[in-house]
Amino acid sequence: MTSEPRLLEVRKNVLKQNDILARALRDRFRAQHTCVISLVSSPGAGKTALLERTLTLLKGQYRVAALVGDLATENDALRLARSGVSVKQITTGAICHLEAAMVERALEGWGVDELDLLFIENVGNMVCPASYDLGEDLRLVMLSVTEGEDKPLKYPTIFNSADVAIITKCDLAAAVEFDEGAALANIQAVRPGMPVFLLSAKSGEGMDNYLQFLARRVHRKCSAVDESTSPAEVH
Ligand code: MG
Ligand code: ZN
């Protein structure tokens with residue numbers, strides 16, 4: 001049988017092509033000084049709720065927009081648009097993750113070159129988004145207190161592809177007897193040193209620390225010297 005190796009070859013090429021596009025996106029975002037933050041989680045972990053709250057709280061300080069991926073429906077984009085910022089839906093059809101090419105296409109003619117901050121909400125999926133670089137600066141992996149503390153152990157690859165973990169729906173922690181210590185230990189077991197934020201987009205608990213963290217990342221990017229075009233500085 002030769003179909004297995006051929007499929008593998010096709011998959012390798014798709015990923016390679018994605019990496020090339022993601023690198024081009026990253027260069028473009030660097031040149032524009034746009035900080036790009038993506039969100040990944042299982043369906044229902046609260047990506048859209050957190051994003052809606054985040055956009056509402058940041059829009060006064062930053063030029064911010066959001067791309068949101070789903071298999072079908074524009075529901076999340078409509079919901080996020082309530083924040084008053086520019087939002088665009090990417091409907092992926094049968095594809096269960098976002099790819100760099102979809103991000104590139106969504107940016108075409110959108111008129112968002114002057115952004116400080118762009119959020120990308122991935123399709124709810126803990127598996128294949130791990131393999132697709134979107135050119136983002138920061139990837140947030142989310143898990144809600146209702147999901148079970150062993151999620152990081154079951155999906156180590158997505159935790160390893162991310163930079164920050166966010167435990168959501170903290171307002172429900174007591175009701176579901178969430179074991180915070182176990183969740184934190186499991187995150188550190190798969191990704192030692194990973195920063196973790198515990199928060200509730202609903203109650204607002206823990207939002208300050210998380211927003212301050214994002215603000216520091218945005219400032220670092222906005223004030224960064226574009227090394228690809230600027231002459232070297234001598235100190
Ligand atoms: Mg959503
Ligand atoms: Zn997928």
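A pocket, as the word is used here, is an open set of grid points with protein on both sides within 12 Å along at least five of seven lines, and its lining residues have an atom within 4 Å of a point. The exercises below concern a predicted model.

**Exercise 1. The largest pocket**

Task: State how much space lies in the largest pocket, which residues line the pocket, and how the lining divides by class.

Solution. Begin with the volume: the largest pocket holds about 160 Å³ of space. Next, collect the lining, which is made up of Gly44, Ala45, Gly46, Ala49, Leu50, Thr168, Lys169, Asp171, Leu199, Ser200, Ala201 and Lys202. Finally, sort these residues by class, which gives five nonpolar, four polar and three charged residues.

**Exercise 2. The sheet and its edges**

Task: Give the order of the strands in the open sheet, and explain why one side of E3 and of E7 is left without a neighbour.

Solution. The sheet is open and consists of seven strands in the order E3-E2-E4-E1-E5-E6-E7, with parallel pairing. Strand E3 (86-91) and strand E7 (196-198) stand at the edges and have a single partner strand each, so one side of each has no neighbour in the sheet. On average, and with direction ignored, neighbouring strands of this sheet are turned by 20° against each other. As a detail within the sheet, take strand E1 (residues 35-40) and strand E5 (residues 138-144), which run parallel and are joined by four bridges; here Ile37 stands opposite Leu138 in E5.

**Exercise 3. The magnesium ion**

Task: Identify which residues coordinate the magnesium ion (ligand 1), and decide whether Asp76 and Glu121 are buried or exposed.

Solution. The donors are Thr48 (OG1), Asp76 (OD) and Glu121 (OE), at 2.0 to 2.1 Å from the magnesium ion. Written along the sequence, the spacing of these donor residues is T-x27-D-x44-E. Asp76 belongs to helix H3 (residues 75-81) and Glu121 to strand E4, so that this pair, 45 residues apart, links distant parts of the chain. As to accessibility, both Asp76 and Glu121 are buried.

**Exercise 4. The zinc ion**

Task: Name the donors of the zinc ion (ligand 2), and work out why Cys96 and His97 fall into separate accessibility classes.

Solution. The zinc ion is coordinated by Cys96 (SG), His97 (ND1) and Cys128 (SG), at 2.0 to 2.2 Å, and the donor residues follow the spacing C-H-x30-C in sequence. The reasoning then needs a cut-off, since buried means under 20% relative accessible area and exposed means over 50%, with partly exposed in between. Cys96, with a relative accessible area of 32%, is therefore partly exposed, whereas His97, at 8% relative accessibility, counts as buried.

Terms used
Residues are numbered from 1 along each chain as its sequence is written. Chains are lettered from A and ligands numbered from 1 in the order in which they are written. This is a predicted model: local features need pLDDT of at least 70, side-chain atom pairs count only at pLDDT 80 or more; totals for chains, interfaces and linings use all residues. Side-chain values use heavy atoms; hydrogens and water are left out. Donors are N, O and S atoms within 2.8 Å of the metal (3.2 Å for Na, K and Ca); water is not among the atoms, so sites may look incomplete. Buried means under 20% relative accessible area, exposed over 50%, partly exposed in between (1.4 Å probe, protein chains only). On a 1 Å grid over the protein atoms alone, a cavity is a set of points where a 1.4 Å probe fits but cannot get out, and a pocket is an open set with protein on both sides within 12 Å along at least five of seven lines; lining residues have an atom within 4 Å of a point. Grid points are joined across faces, edges and corners, and a volume is the space filled by probe spheres set on the points. Ala, Val, Leu, Ile, Met, Phe, Trp, Tyr, Cys and Pro count as nonpolar, Asp, Glu, Lys and Arg as charged, and the others, Gly among them, as polar. Two strands pair if DSSP finds at least two bridges between them. Helices (H or I, at least four residues) and strands (E, at least two) are DSSP runs, numbered from the N terminus. Axes are lines fitted to C-alpha atoms, for helices over the stretch in contact, and angles run from 0 to 180 degrees between N-to-C directions.
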